[in-house]
Amino acid sequence: MIKAILIFNNHGKPRLSKFYQRYVRGRASLYCCNCIHSGLIGGSDNKLIYRHYATLYFVFCVDSSESELGILDLIQVFVETLDKCFENVCELDLIFHVDKVHNILAEMVMGGMVLETNMNEIVTQIDAQNKLEKSEVSHICHWYQCALIVL
Amino acid sequence: MALKMVKGSIDRMFDKNLQDLVRGIRNHKEDEAKYISHCIDEIKQELKQDNIAVKANAVCKLTYLQMLGYDISWAAFNIIEVMSASKFTFKRIGYLAASQCFHEGTDVIMLTTNQIRKDLSSPNQYDTGVALTGLSCFVTPDLARDLANDIMTLMSHTKPYIRKKAVLIMYKVFLKYPESLRPAFPRLKEKLEDPDPGVQSAAVNVICELARRNPKNYLSLAPLFFKLMTSSTNNWVLIKIIKLFGALTPLEPRLGKKLIEPLTNLIHRALDLLYGMVSKKNLMEIVKKLMIHVDKAEGTTYRDELLTKIIDICSQSNYQYITNFEWYISILVELTRLEGTRHGHLIAAQMLDVAIRVKAIRKFAVSQMAMLLDNAHLIASNTQRNGICEVLYAAAWICGEFSEHLEESNQTLEAMLRPKVTTLPGHIQAVYVQNMVKLYASILQQKEQAGEKEAAQEITQLMVDRLPQFVQSADLEVQERASCILQLIKYIQKLQIKEVPVAEEVIALFAGELNPVAPKAQKKVPVPEGLDLDAWINEPPSDSESEDEKPKTIFHDEEQRHSRHRQPEIDEEELARRREVRKQEQANNPFYIKSSPSPQKQYQDTPGVEHIPVVQIDLSVPLKVPGMPMSDQYVKLEEERRHKQKLEKDKKKKKQKKEKKGKHRRHNSLHTESDEDIAPAQHVDIITEEMPENALPSDEDDKDPNDPYKALDIDLDKPLADSEKLPVQRHRNAENLKSPDTEAPLVGKKSKKPKKKEKKRKEKEQEKEKKKEKEKRVTEEGKKKSSKHRKKKHKKEKEEKSKDKKKSKKKHHHGEEEPAESVQNGTLDDEPLPVRSCAALASLGWRGRCTYDIQGNLQNDSQVTVSVIFENKSTSFLKSMELNVLDSLNAKMLRPEGSSVHDGIPVPFQLPPGISNEAQFVFTLQSIVMAQKLKGTLSFIVKNDEGSTHEKLDFKVHFSCASYLITTPCYSDAFAKLLESGDLHMSSIKVDGISISFQHLLAKICFYHHFSVVERVDSCASMYSRSIQGHHVCLLVKKGENSVSVDGKCNDSTLLSNLLDEMKETLSKC
């Protein structure tokens, strides 16, 4: 099982944090490094698997049932998917669209279990959901425009 | 009242969204906490609103704050409200927030049960999906109990997307509500055979997790998993299954045996990677690791696999990576310990190759081979049908051929004459017999020279005694050679008895060194001057010769006439026909010896070896040939040697440095060893030795002129030359280029030629050509990329994003209708201006090209026209094209009245293959101070012989700030007044490393950024432009030695800074 997925930059600023197991944390966790130390490493069945891309660290905290190579592969798929969805992803994309990153992640990992590793499939689902969202949003915008005109 | 409410919500619409919040936090680095608490207050206000969109926005922001460590549990109820929104957009935000902050202790969580149940049964699969995802994070025992049944139903949903999520979440349900495991398990098992690989993978995941607890429950599934393992290509699933088997094998030992085969296949793939990995530095280390595996390996197949890999890796590219051949020989000798391998001949071939070609190693090789011969009983002991005994072939030959290097010749000769040898396969015995004579000859010579006559006779006697056992051999070759040699030796014996010195004559039998010859050596021999290989040495005999055997005719005249006639008649065709006939005859003639493969070749793929049944041998005694060197020691030795070399080198360097007064002492310690630094222990100049003298150094003949892939032999690292650039299609304006606006100031004042009044055009060319699959893709990116794209750090090949279509799309733009835009631009002398995009690529990989150009519209201060040229490059007919752009708050596509915002605009034409046409789209903009990027979709129907398909294409239109500018002339006095007015904001940039001429530089600014030159003095120029909304933009451009500084003034500071940023981008490419 995957216990947590964290993305932070070279300075330790969190860019995404997703915990699949509850743990108590305080304000100290502003910096991810701290929260890993305080909350996760304590257990015996934990290992941290990470890859470093440009300015970002992608850290997966997993238990012994996961293979290191498998997780590394998964991180690669994750990053490639981000790259595809954001068109040349960079740290700024993650900063401003953390919700989208969460949505993408949700198509790959669900409740700490790996859901899908096929990038094309992930992207298809993300696109379909975005399209659905767009159609809804444009409905709303349209409604507001009409309202504006009335006013 | 109602109106007020609506108005209120509209105001809310322009509240901070997540991006604004993030930006705000970044802008308040000093008082972040204060800013955030202010934001939280705002959020609280927003949450009080009735409008669900506002609430969702607030919750979205809270989710972000939660990541930063702020407690948001107080908003749990609001989160549930957003979760229950009807729109997917909001629902997703709600569930995300819930998954981030809900836990078992959250009391309101029980309120969600019904909502979740409702979502699970929603007709929209994404509603269901998002609910499952959320639930997986905050499922509680209560929720698990209440929803287990619903989820179980979903496991058989029609959509695989739902099925896989349902399967996966079952694990969470089992954890919280273990009672559900037994009833759900049969269905879970079914899912292992689901047609969808995603669902399969999910089921494997769940069962693997479950199997950690009580593996024996899942033993019955082993066959199913075994099937999956052999059929699946999904790495993730494979890893999981292997893990699972790891848990299962202790319970069922028989499983282990079954697993060897598929696992070996996996390892096999990994071994292939080793090829590329090796270098001089790591070869020994890698081979050492492989040798350990060889020792441990259980299956013969796998062991053989490793063996061939070791040899392949070592021998690749002419032993390029071997620095120490002694090491390699000892590796080969160690490999002979492998009983039951099929690859004895491979090892043998390597031994021969190395011993023959590497002269320096011969002494060592011979001593090793002698040892092998001495221990032949170990190698061939168990069965004569043992593949490994092939190495004795090599050993015997090497010992015989290079017998002068042998130290204990007698002992080796005796070893070769042992009775046991007769159990070896015939072809090996034959080599034994032949080579023992060589050995005998050299011993004889030694003894005679030393004057030990008795010893010489003794050795002859030994031969005479032992050879008869070979004479009786059932193998013809062995028998023949042995009897022949026996007679020879008996004759020598007679001479010896007469005390005649014979050694010289015997040794003469094997005189001359056997040199290796490169396969291409013959070709490389230069043709001596004056020799024409094509010329006839003798005139070709006429065919009449063959007729000579015919009974001579009495009609002499006739025959003469015949032969005279015939000669010119023999043409190619005739010859070919005759050759054919001859071949036919030969084929039918059993006495005709047909050409056969060379003996060497025959040996290499001796059919007999392949067919020898491989018998597994139980090697209870570890086979360690006494006195054999272990290759391991070479690894150490090599390290020491390298270390020494390095030290020596360092010493030399130090000396040099001392001379240089040790300026860079630091550097020395940082010296890293590169591949080139490692000098091989033996200098092996294989190639030159094996080539004839005067061999032509050219390697041309290495390349087969008929090689179909020859064209691909291209150095891709070389920078592209101008001539190599792919042709970029430019849009030529066919219309009248004369613009009415002729008074526009000329940019290059010094230009001598009359300037063409060319219509201004900005162009983005990004061309992608994707050839059919498997073909190499060649890409040339447009010269200019939009700034946004370049900022991205992960540089990923764009073409990956393009669909697997053959064509590319290009957008192009220019606006014909507005007179203003025909303002003339700085075309300079003859220098062509690079094509350029004002915007990002529109989209790639379509069945055609699409270029676009954005032009401001003077008549309307908030409109720009985008002209798109569609070009169909496919062979299909394209029709029903519709272009739609997703409006942003700032930019909207102007649609016909009555159509909704998500309606596309139909393109008013169809495109037959190879045709291009242009359509214009008008966009309205609210603010032009910032660049815009709009996303859009082009949908169209592709019609060809096979039918028609509906396709879609996403693209982006980039409105740069420069595209809002319209080149407007300005006189210097007006310009001065403008500057004096003082209500302009000022900003400046400086760009270094500019090498182009100032004139060209100005032209670029004019061209790309729509400015006109007001005045130019030496390397200083003032420029002016106007935005469609009437902003004045003034520039002062100064060129320094290598840099350019641009001071800008504008009514709007944001616009100015954006413009300058864009300009910087352009200039930095100069």
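This is a predicted model: local features need pLDDT of at least 70, side-chain atom pairs count only at pLDDT 80 or more; totals for chains, interfaces and linings use all residues.
Visitor: What makes the pair A:Glu107 and B:Lys165 a salt bridge?

Guide: The side chains of A:Glu107 and B:Lys165 meet with an N to O distance of 3.6 Å, and the criterion asks for a side-chain nitrogen of Lys or Arg within 4 Å of a carboxyl oxygen of Asp or Glu, so the pair qualifies as a salt bridge. The count between chain A and chain B is six salt bridges, and 23 residue pairs are in polar contact, both residues being at pLDDT 80 or more.

Visitor: Which element gives the most to the side of chain A that touches chain B?

Guide: That element is α5(A), with 19 residues. By class, this side of chain A has 29 nonpolar, 20 polar and 22 charged residues.

Visitor: How do you know how much area is buried between chain A and chain B?

Guide: The accessible area that the two parts lose on being put together is summed over both, and for chain A and chain B this comes to about 6700 Å², of which carbon and sulfur atoms give 59%. The contact takes 71 residues from chain A and 68 residues from chain B.

Visitor: Why are β7 and β11 of chain B called paired strands?

Guide: Pairing requires at least two bridges, and seven join β7 (residues 877-885) to β11 (residues 932-944) of chain B, so these antiparallel strands count as paired. B:Glu882, for instance, has B:Ser939 in β11(B) as its bridge partner.

Visitor: What makes β9 and β12 of chain B edge strands?

Guide: In the open sheet of four strands, with the order β9-β7-β11-β12 and antiparallel pairing, β9 (905-906) and β12 (947-959) of chain B each pair on one side only.

Notes
Residues are numbered from 1 along each chain as its sequence is written. Chains are lettered from A and ligands numbered from 1 in the order in which they are written. Side-chain values use heavy atoms; hydrogens and water are left out. Contact means heavy atoms within 4.5 Å. Buried area is the accessible area (1.4 Å probe) that two parts lose on being put together, summed over both. A polar contact is a pair of N or O atoms within 3.5 Å; within protein, one must be able to donate a hydrogen and the other to accept it, and residues adjacent in sequence count only if both atoms are side-chain atoms. Helices (H or I, at least four residues) and strands (E, at least two) are DSSP runs, numbered from the N terminus. Ala, Val, Leu, Ile, Met, Phe, Trp, Tyr, Cys and Pro count as nonpolar, Asp, Glu, Lys and Arg as charged, and the others, Gly among them, as polar.
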